[in-house]
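Here are some notes to go with the structure, written for someone who will want to check the atoms directly. Have it open as you read.

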Amino acid sequence: KSPVKMIQKYYDRLGGVFTIPIATKRLTMLIGTDAQETFFKASDDVLSQNEVYDFMKPVFGPDVVYDATRKNRQVQFQSMANGLRVSRLKSYVPKIEKETRQY
């Protein structure tokens, strides 16, 4: 029932790296810095993001973020990173509040 409890159960039994079935997908968990290090340092030739995030294509659209070429994806990430800085996120609060109240 609780995803957190389920992940904790597998972590306790199997350690920081394990794969679990979720609906029609198999998700691999990398819990902890040691488990994540290989993932974050691997090149796209070794671990491609496109296949993992293919389910996000309907969210972002074709040729955007994970569906884009590696070069275009890097440019898009840089643009998104600027919009997700803490100072920017804080500036969005009044705008979101205003739009919510207007709605």
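Predicted model: local features only at pLDDT ≥ 70, side-chain atom pairs only at ≥ 80, totals over all residues.

## Notes on the model

Glu-37 and Lys-41 sit four residues apart in helix 2, so about one helical turn separates them.

1. Glu-37 and Lys-41 make a salt bridge, with 2.9 Å between the closest N and O atoms. Glu-37 is partly exposed because its relative accessibility is 41%, whereas Lys-41, at 64%, counts as exposed.

2. **The other salt bridges.** How many salt bridges does a search of the whole structure find? It turns up three. One of them joins Arg-101 to Glu-97, again with the closest N and O atoms 2.9 Å apart. Both residues belong to helix 6 (residues 86–102), where they are four residues apart, or about one turn of the helix. Arg-101 is exposed, with a relative accessible area of 66%, and Glu-97 is partly exposed at 40%.

3. Lys-57 pairs with Asp-67, and here the closest N and O atoms are 3.8 Å apart.

4. **Arg-73, worth a click.** Leaving aside residues up to four places away in sequence, Arg-73 touches Asp-44, Gln-49, Asn-50, Val-65, Tyr-66 and Ala-68.

5. **Met-80, also in helix 5.** Met-80 lies in helix 5 and is partly exposed, with a relative accessibility of 31%. Between Met-80 and Val-65 there are 9.6 Å, C-alpha to C-alpha, for a separation of 15 residues in sequence. Val-65 is also among the residues that Arg-73 touches.

6. **The largest pocket.** If you plan to look at the pocket, its volume comes out at about 750 Å³. Its lining has 19 residues, and those nearest the centre are Thr-28, Phe-39, Ser-48, Val-52 and Tyr-53. Which element gives the most to the lining? Strand 2 does, with six residues. Helix 2 (33–41) and helix 3 (49–52) each supply at least two. By class, the lining splits into 11 nonpolar, three polar and five charged residues.

7. Two backbone spots deserve a check. Ala-23 has a positive phi of about 55° although it is not a glycine, and its place is the loop between strand 1 (17–22) and strand 2 (25–30). Asp-63 also has a positive phi, near 65°, and is found in the loop between helix 4 (57–60) and helix 5 (70–83). Ala-23 counts as exposed because its relative accessibility is 81%; Asp-63 counts as exposed at 55%.

8. **Helix 1 and what follows.** Helix 1 (residues 3–14) has 12 residues and spans 16 Å from first C-alpha to last, close to the 16 Å expected at 1.5 Å a residue. Gly-15 comes after helix 1, with a positive phi near 95°.

Notes:
Residues numbered from 1 in each chain as written. Heavy atoms only, no water. Buried < 20%, exposed > 50% of the residue type's maximum accessible area, 1.4 Å probe, protein only. Expected span 1.5 Å × (residues − 1). 1 Å grid on protein atoms, 1.4 Å probe; cavity = no way out; pocket = protein on both sides within 12 Å on 5 of 7 lines; lining within 4 Å. Points joined across faces, edges and corners; volume = space filled by probe spheres on them. Nonpolar A, V, L, I, M, F, W, Y, C, P; charged D, E, K, R; others polar. Contact = heavy atoms within 4.5 Å. Salt bridge = Lys/Arg side-chain N within 4 Å of Asp/Glu carboxyl O.
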